[in-house]
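Please keep the sequence and the three-dimensional view at hand while reading.

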Amino acid sequence: MTTAAIIVAAGRGTRAGGELPKQWRDVSGKPVARWTLEAFAHLPRIVMVIHPDDRARAEALCGALPVTLVEGATDRAGSVRAGLAALADVPPERVLIHDVARPCVSRGVIDAVEAALATLPGAAPALAVTDALWTGAEDRVTGTRDRGGLYRAQTPQGFRYAEIAAAHAAHPGGAADDVEVARAAGLDVAIVPGEERNLKITAPDDFDRAAALLTEGRMDIRLGNGYDVHRFGEGDHVVLCGIKVPHGRGLQGHSDADVGMHAVTDALYGAMAEGDIGRHFPPSDPQWKGAASEIFLRHAVELARSKGFTISNIDLTLVCERPKIGPHAAVMTAEMSRIMGMDAERVSIKATTSERLGFTGREEGIAAIATATLVKP
C-alpha cells in the first residue's frame, strides 16, 4: 500500500518568539522543518503546506528530498485540505498528517501509525494524561477534573486517504486536529502509543528541549589532515615537533620551519573547517618571522576546545632520508603532548623515507603528513 505524508507548515508560530516562524529557525544546525522532513524521507511522496511568503525559504530547505510545496490557508483545516488536494492526481492509499513543529518524531511512532491503518480508517499517537487536572480562574484553582480516559494528542495522524479527504470536504469549518474531522465523519481512530520525545515546539524553551533530543546519543566526530614541506638551507639543526635535532643543514621558513608541528596544526584547523596556519598567522605579517611554531599549535588547540571539541588523537608522519627520527620520536611525542595537553598515548609520531625518490629522497627537504581527530558530545 502506498503512503504519503502531509507536513503542515503554514503557521506563523508567534508564541515561540524570534524573528522567523518557528519552522524556519535552526535547531542543532538545521531548520526545524528540515528535521521534520527528514523524519519522513523514507516515504515516496511528501507534501509540505507553507505560507505564501515562505516559498523561497522552503525551496532552498527541501533540497533533493521528494517534497511538493503547496500554499496553505488561514487555518489548519484549510491547510490540510490543500495538502490533500495536492495528492489527488495520484491518490495514495494512506496519508500521514504531521505538524512541522514536531521535529523529534521517531520512525517507531510513524511506523506504528501506518501499521494501525491496516485494520482501522484512522490512527494517531497519544500519551495518557497522568498529572492531576484542575480548572482555574484569576490565578486560583476552581476545581478538579477526572483524568481517566484522557490523552495528549500527537502527530502524525494517519488515515486512509479517500476517507479523510471526504471527511475534510464535508467538515464545516475549522477543527483542533484531523482526528476531530475524522470522528465527525464517523471514522474510527485507533490510539497508538506516543512518545514524550515527540514534543511540539510551542514556547521559546522548547527549542533547547528539541535540540537535546535531536542530538541525544550523537557525537560530532571530525577528521582533518595537514601537509607541509620545508626545504633545507644553512644551519646545524632542524626543529621538529618542538625539538632541536642536530643535522648538517637547517629547515628554511618564515617561522622556525617546524614542518611536523605545522602539519599537525593544519590538521586541527582542517577538522574545524578553519583554513590553515596562513589564515590565522599570515606570512606577510612580520611579527611571525622566526616565531616558534608552538604559538600556532597552541592557538589551534585552544580554538578546538573553545568550540567544545576534545582532541582524540594525532597521527604524524615525517618523510625524510635524514636526520633519523627514531632516536628522537619519544621526546618529540612528549613535547607535542605537553603543548596540546594530551596523553602521550594519543600522539603518534613516526617517520618514513621516500626510497630516495623525489625531493625528500634527494635530501632537499622534509615533508610531513598529519591526521587529527576531534570529538564533541
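**A residue in helix H1**

Thr36 has its place in helix H1, which covers residues 32-39. The model discussed here is predicted.

- Thr36 counts as buried, because its relative accessibility is 0% and the cut-off for burial is under 20%.
- Apart from neighbours within four places in sequence, Thr36 is in contact with Ile7, His98, Asp99, Val100, Arg102 and Pro103.

**Helices H3 and H5**

- Two packed helices are described by the angle between their axes and by the distance between those axes.
- For helix H3 (residues 76-86) and helix H5 (residues 161-170), the packing angle is about 135 degrees and the axes are 10 Å apart.
- H3 and H5 are therefore oblique to each other.
- The crossing that H3 and H5 make is left-handed.
- On the H3 side, the meeting residues are Ala77, Val80, Arg81 and Leu84; on the H5 side, they are Tyr161, Ile164, Ala165 and His168.
- Sorted by class, the contact of H3 with H5 comprises six nonpolar residues, one polar residue and one charged residue.

**Ile164 within helix H5**

- Is Ile164 buried or exposed? With a relative accessibility of 0%, Ile164 counts as buried.
- Ile164 belongs to helix H5.
- When residues up to four places away in sequence are not counted, Ile164 touches Leu84, Val95, Phe159, Asp178, Ala182 and Leu187.
- Between Ile164 and Ala86 there are 78 residues in sequence, and their C-alpha atoms are 14 Å apart in space.

**Helices H8 and H10**

- The axes of H8 and helix H10 (residues 294-306) come within 9 Å, and they cross at roughly 20 degrees.
- H8 and H10 are therefore roughly parallel to each other.
- The crossing of H8 and H10 is left-handed.
- H8 contributes Met261, His262, Val264, Thr265, Leu268 and Tyr269 to the contact, while H10 contributes Glu294, Phe296, Leu297, His299, Ala300, Val301 and Leu303.
- Nine nonpolar residues, three polar residues and one charged residue make up the contact of H8 with H10.

**A five-stranded sheet**

- Strands of a sheet pair through backbone hydrogen bonds, in either a parallel or an antiparallel manner.
- In this model, five strands form an open sheet with mixed pairing, and their order is S16-S13-S19-S17-S18.
- Which strands stand at the edges of the sheet? They are strand S16 (250-251) and strand S18 (347-352); each has a single partner strand, so one side of each is left without a neighbour in the sheet.
- Strand S17 (residues 310-319) and S18 run parallel and are joined by six bridges.
- Asp315 has Ser348 in S18 as its bridge partner.
- Helix H8 (residues 259-271) packs on the sheet and touches strand S13 (220-233), S16, S17 and strand S19 (365-376).
- The direction of H8 makes about 150 degrees with that of S13.
- Helix H11 (residues 329-340) lies across S17 and S18, and it runs at about 140 degrees to S18.

**Backbone features in loops**

- Most residues other than glycine have a negative phi, and most peptide bonds are trans.
- The peptide bond from Thr155 to Pro156 is cis, with omega near 15 degrees. Pro156 is placed in the loop between strand S10 (151-153) and strand S11 (157-160).
- The peptide bond from Arg322 to Pro323 is also cis, with omega near 5 degrees. Pro323 is placed in the loop between S17 and H11.
- Arg356 is not a glycine, yet it has a positive phi of about 65 degrees. Its location is the loop between S18 and helix H12 (358-361), and Arg356 counts as exposed at 54% relative accessibility.
- Glu363, likewise a residue other than glycine, has a positive phi near 60 degrees. Glu363 lies in the loop between H12 and S19, and Glu363 is buried, with a relative accessible area of 8%.

Key: Residues numbered from 1 in each chain as written. Predicted model: local features only at pLDDT ≥ 70, side-chain atom pairs only at ≥ 80, totals over all residues. Heavy atoms only, no water. Axes fitted to C-alpha atoms, helices over the stretch in contact; angles between N-to-C directions. Helix = DSSP H or I, 4+ residues; strand = E, 2+ residues; numbered from the N terminus. Parallel < 35°, antiparallel > 145°, perpendicular 65-115°, else oblique. Left-handed = near helix turned anticlockwise from the far one by under 90°. Contact = heavy atoms within 4.5 Å. Nonpolar A, V, L, I, M, F, W, Y, C, P; charged D, E, K, R; others polar. Pairing = 2+ DSSP bridges. Buried < 20%, exposed > 50% of the residue type's maximum accessible area, 1.4 Å probe, protein only.
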